[in-house]
Amino acid sequence: MSAQAQASDGERDGAAAGVPDSGPGGGGRARTRPRSPGTVRSSGAVPVQGSGPSRGTEPALASAPGAVVYPTGTASAPSPSAGKQAAVPDGPEDRLRRFATIWSRAIFPATATSLTRPEFEQLLLPLARLLGEALHRRPFDANPAHEVGAALVEAHCTDPDALVRTLGVVESYLVLYCAAADGPPAAAEENRARCARLQHGIAAGFARALRERTLREQEAIARSALCARTEARQALHATEERFRAVFEGAAVGIGIAALDGTILEVNETLTRMFGGLDTQIRGRKVSDWDHPEDTAQIWRMYEELVRGERDHYRCEKAFYRGDGTVLWTNLTVSLLRDAEGRPQYQLALMEDTTERRLLNLRLRYEATHDALTGLPNRTLFFERLEKVLSAGGDARFGLCYLDLDGFKAVNDSLGHSAGDRLLVEVADRLQSCATAPGEMVARLGGDEFVALTTGPDTRREVDDLAARILNALATPIHLEGREITVRGSIGIVEGPAAERGPADVLRSADITMYRAKAAGGNRFEFADAEADERAITRHGLTHALPAALERGEFFIEYQPLVHLGDGSVHGAEALVRWSHPQHGVLGPDRFIPLAEHTGLIVPLGRWVLQESVRQARFWQEKHADGGPLRINVNLSPTQLHHPGLVADTVEVLERAGLSPGALCLEVTESALIGADEGLLKPLRQLAEMGIDIALDDFGTGYSNLANLRRLPVSVLKLDRSFTQSMQRLPADPVDIKIVEGIVSLAHSLELAVTVEGVETGAQAEQLRELGCDTAQGWYYARPGAPDMIHSLVLMDAV
Amino acid sequence: MERPAWAPPGIDISMPSVSRIYDYYLGGSHNFEVDREAARRAMEFMPGLPKIMQANRAVMRRAVRHALSEGVTQFLDIGSGIPTFGNVHEVAQAADPAARVVYVDHDPVAVAHSRAVLEGNELATVVAADFRKPGEILEAAELRQLLDLERPVALLLVALLHFIEDADDPYAAVATLRDALAPGSMLILTHASYEGVPLTEELTGGVVDIYQKIKNPLIMRSRSEVARFFEGFRMVEPGLVPMAEWRPETPVAQEDPYAFSGFAGVGRKA
């Protein structure tokens with residue numbers, strides 16, 4: 001028989017021994033009392049395993065097929081059956097063990113132990129021995145029974161039912177298994193009495209130990225709860241301190257207010273932002289902090305928040321500080337709710353944006369105002385104009401577009417700083433003209449200004465405004481010790497706002513201003529749609545120039561230069577034309593100044609030179625016998641300053657294969673006024689190569705005759721104004737004298753003289769007599785296509 | 001770097017605690033009247049609750065001893081509660097005095113109590129952390145001091161997972177813990193279920209309702225749902241079985257019928 005099988009035998013013994021019923025209070029009532037262990041074993045008394053189910057009373061493992069019992073995990077736990085084998089069968093030790101088995105079977109179901117039942121039985125064995133010894137000890141001592149009661153509690157048999165079952169087992173089996181089997185009847189009575197007293201002792205020991213254990217455990221759990229609470233409180237305290245530090249140390253202003261708007265708490269930063277003591281802030285109402293710049297939206301969101309309909313909002317808001325200055329903030333307000341979600345407080349976080357806002361305002365001012373005059377600039381003016389024009393309804397507007405007459409001359413003669421001071425003075429005067437509400441003056445750039453009016457009767461108002469402006473300009477301006485009279489031309493656009501866009505309005509004003517200028521200046525004109533249609537704005541042309549060059553909209557006409565001596569064609573002047581897709585053919589006076597201004601003159605001039613030189617070379621090839629045909633090409637002041645002038649010219653000549661002697665570059669007299677050596681050097685280089693330099697429009701500028709000898713020129717082109725009076729006879733004798741003098745002077749300086757604007761035969765004859773060398777003008781031919789020169793030359797040759 | 005701790009939610013001992021209720025089932029006095037009241041109401045539906053707890057303790061004890069016999073001497077017990085008696089460190093250190101045990105619980109009272117019980121025990125400690133944040137458990141300084149995660153660890157999730165709702169994804173948390181453990185580590189797990197309870201589902205549902213009321217919902221899972229927790233583990237014989245049937249040391253037939261409620265299982269990480 002295996003050890004396990006033996007163990008199960010023993011257990012079956014215990015079960016069969018009639019364990020007390022575990023029903024409430026029934027511990028002692030339903031029990032059988034076998035007379036001896038022997039009878040127990042053989043009787044097979046009906047098991048009364050209390051509430052235990054049938055499974056618990058079945059014969060264990062040995063008769064449960066398929067079931068596996070794992071050996072205990074640790075070798076140290078002694079097998080109860082192993083010890084049993086050592087005991088003498090039915091000897092005192094064996095009987096003691098059997099008592100322990102019965103006892104453990106009885107109380108195991110009432111324990112909470114995690115030991116196995118055999119392990120638990122091992123735990124009871126020394127207790128059983130204590131009881132067995134106490135039964136015999138003389139004198140009688142109940143203390144061991146107390147120990148047993150306490151030990152049960154120690155073994156986690158804290159359920160009162162465990163005590164009931166223990167007392168039942170002691171009552172029924174202690175004397176039976178532990179008393180001497182063959183004592184006298186008196187001894188049996190004595191045993192019975194001792195057994196009862198031992199039961200009392202067990203109960204008392206159990207109760208005392210349980211009470212102490214209960215108190216100990218209650219104290220332990222209470223201490224643990226207290227400990228946990230203290231820790232939680234400390235953590236809460238630390239958290240609170242951290243929050244307090246965050247609150248006080250935050251770089252943003254933080255404030256907490258009640259839902260009625262009473263400010264309850266503010267941090268240091270917020271107090272500082274308001275520039276004062278926190279007593280001036282705490283206790284006040286949020287609603288005291290309204291500001292004229294508040295939008296309705298801000299307070300609507302505030303109301304929604306305190307009503308609990310909104311959890312937060314953000315806005316830019318201004319506040320008055322204690323000293324009346326304004327504080328600008330980025331404000332975020334959040335609703336704080338309690339654990340049940342009811343609105344409780346409002347929390348405001350604010351960031352001081354005053355500085356940033358001032359900076360923005362300044363940047364905005366700088367971006368929208370003219371640095372020189374302080375007037376609103378083009379950007380601001382366009383914004384305002386756009387706003388005015390998009391007003392809709394029957395709103396009207398009036399606009400004056402002013403350009404100073406002859407400002408360039410002031411700049412040229414007195415210098416830029418004087419010109420700037422003049423503009424500042426003009427700006428001040430204009431400003432004083434437009435002081436009514438809805439009126440505005442702006443500087444668009446250079447010497448161009450605009451004034452805008454949006455009053456109720458703009459037709460009359462804009463008329464008055466323009467008159468006031470001209471009047472204000474009429475008083476001479478003191479500048480550099482001189483009295484300078486400034487005049488201006490004004491183009492006025494007036495009408496219903498809703499009809500036009502800003503660019504369109506300005507274009508119309510610009511055109512009209514030119515009309516006023518063309519009509520002599522110092523006046524204003526009202527825009528009219530038909531005139532606009534015809535007008536060509538500088539603006540439009542300037543913008544179209546680059547594309548025009550790319551698209552080949554320019555072409556060259558040639559005007560013959562005729563030898564006055566024999567009337568033969570001596571050469572031709574190249575004159576550039578623009579075949580504008582809308583405005584037709586435009587003369588150089590319309591676009592050369594614009595090209596000068598934008599710098600496009602350089603590529604344009606180079607193109608003209610290339611074309612003309614190529615043409616001249618072509619003529620030379622065609623008419624090798626017709627003598628050298630010269631080509632005159634105009635140089636603008638900007639080209640003159642261009643560092644690539646000499647190299648470009650040489651390259652053009654070389655590429656076309658034209659000798660430098662066939663080229664004459666015409667430079668206006670005014671372009672050479674005050675010219676220093678630096679400017680003259682390229683001209684000198686060109687002249688040294690054999691290129692003729694002609695001084696164009698001679699007589700219109702300062703005509704510094706003394707200067708003539710240091711200029712590298714070889715031709716003088718006399719302005720048409722000298723020869724106009726010679727168109728009819730008799731010619732003005734003064735003009736004749738002048739021309740005579742100039743020719744004589746020129747010739748003495750070895751300069752040839754060319755006259756322009758020859759329109760009649762009489763004129764031509766007169767000029768020939770005066771000794772002029774060559775002439776050009778309608779009398780000979782108007783500027784024309786290259787083949788016209790071709791046919792003129794052919795005529796000559798005939 | 002130590003992160004600043006936020007204040008824990010207030011300690012409210014007027015609310016029942018599952019740890020203290022468990023202690024009461026096991027005959028302990030580490031509990032308050034609110035806990036006993038809840039326990040008594042639950043026991044009205046299921047008088048055998050203490051037997052289930054006892055079986056749970058017993059199977060844990062067997063599993064710990066099994067782990068030791070397999071050479072695993074480090075234990076991580078999450079959801080350890082109030083260590084009434086027969087705890088992991090008692091069982092383990094009785095068999096191997098060098099065994100190391102880390103308890104984890106999120107109930108501050110349970111943690112404070114554990115700390116008191118473990119005072120003077122150099123090889124056992126407690127971490128205040130929540131199973132739902134396994135990363136915090138694994139990074140806890142106390143754990144790192146005591147356990148060598150390069151070596152096998154027995155992870156105990158005993159009577160814990162049935163308190164974790166699916167919304168908190170207990171499967172992912174178990175997977176995180178599993179991934180952090182060395183090969184050869186073990187998962188020791190018990191879980192409540194309607195299966196195996198010797199009562200109608202209606203009566204058992206009464207207990208579920210009680211736990212619902214005390215804001216500690218009890219999530220009953222089926223055997224296959226419980227088995228999913230062992231993903232990545234090889235099941236140790238006899239697999240996932242009623243608690244009483246997991247490697248019993250005494251005849252199963254003698255066990256209390258309640259001891260067959262719910263499931264117990266041990267897995268080993270390859």
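**Figure 1. Around B:G28, a glycine with a contact in the other chain.** Leaving out neighbours within four places in sequence, B:G28 touches A:E217, B:D23, B:I82 and B:T84 in this predicted model. The glycine sits in the loop between α1 and α2 of chain B. Buried or exposed, then, is B:G28? It counts as buried, because it has 22 C-beta neighbours inside 10 Å. B:F85 is 57 residues away from B:G28 in sequence, yet the two C-alpha atoms are 8.8 Å apart in space.

Figure 2. Helix α1 (residues 18-25) and helix α2 (residues 33-45) of chain B have axes that come within 9 Å and cross at roughly 65°. The pair is therefore roughly perpendicular. As for handedness, α1(B) goes past α2(B) in a right-handed crossing. On the α1(B) side, the residues involved are B:R20, B:I21, B:Y24 and B:Y25, and they meet B:D35, B:R36, B:A38 and B:A39 of α2(B). Sorted by type, the residues of this contact come out as five nonpolar, three charged and no polar.

**Figure 3. A helix pair in chain A, α8(A) against α9(A).** Here the axes of α8 (residues 160-178) and α9 (residues 185-249) of chain A come within 10 Å and cross at roughly 160°. That angle makes α8(A) roughly antiparallel to α9(A). This crossing is right-handed. From α8(A), the contact uses A:L163, A:T166, A:L167, A:V170, A:E171, A:L174 and A:V175. An α-helix has 3.6 residues a turn, so residues three or four places apart point the same way. The α9(A) side of the contact is made by A:N191, A:R192, A:C195, A:L198, A:Q199, A:I202, A:A203 and A:F206. The residue types in this contact are 10 nonpolar, three polar and two charged.

**Figure 4. A five-stranded open sheet in chain A.** Read across the sheet, the strand order is β2-β1-β5-β4-β3, and the pairing is antiparallel. Which strands stand at the edges? They are β2 (263-266) and β3 (312-320) of chain A; each has a single partner strand, so one side of each has no neighbour in the sheet. On average, neighbouring strands are turned by 30° against each other, ignoring direction. Inside the sheet, β4 (residues 326-337) and β5 (residues 343-352) of chain A are joined in the antiparallel sense by nine bridges.

**Figure 5. Strand β3(B) and what lies around it.** All five residues of β3 (residues 124-128) of chain B are buried. B:A124, B:V126 and B:A128 point one way from the strand, while B:T125 and B:V127 point the other way. In a regular strand the side chains alternate between the two faces of the sheet. Strand β2 (residues 100-105) of chain B pairs with β3(B) in the parallel sense, over five bridges, and B:D105 has B:A128 as its bridge partner in β3(B). Helix α4 (residues 88-95) of chain B also belongs in this view: its residues B:V88, B:H89, B:V91, B:A92 and B:Q93 are buried. Their cover includes α3 (49-69), β1 (74-78), β2, β3 and β4 (154-158) of chain B.

Figure 6. Most residues other than glycine have a negative phi, and most peptide bonds are trans. A:R138 and A:P139 are linked by a cis peptide bond, with omega near -10°, and A:P139 sits in the loop between α6 (117-136) and α7 (143-154) of chain A. Chain B has a cis bond between B:E237 and B:P238, with omega about 5°; B:P238 is in the loop between β6 (233-235) and β7 (241-242). As for phi, A:D697 is not a glycine but has a positive value near 55°. This aspartate is part of strand β18 (residues 692-698) of chain A, and it is partly exposed, because 19 other C-beta atoms lie within 10 Å. B:R247, not a glycine either, has a positive phi of about 40° and lies in the loop between β7 and β8 (263-269) of chain B. With 20 C-beta neighbours inside 10 Å, B:R247 counts as buried.

Terms used. Residues numbered from 1 in each chain as written. Chains lettered and ligands numbered in written order. Predicted model: local features only at pLDDT ≥ 70, side-chain atom pairs only at ≥ 80, totals over all residues. Axes fitted to C-alpha atoms, helices over the stretch in contact; angles between N-to-C directions. Helix = DSSP H or I, 4+ residues; strand = E, 2+ residues; numbered from the N terminus. Parallel < 35°, antiparallel > 145°, perpendicular 65-115°, else oblique. Left-handed = near helix turned anticlockwise from the far one by under 90°. Contact = placed C-beta atoms within 7 Å. Nonpolar A, V, L, I, M, F, W, Y, C, P; charged D, E, K, R; others polar. Pairing = 2+ DSSP bridges. Buried ≥ 20, exposed ≤ 12 C-beta atoms within 10 Å, placed from the backbone.
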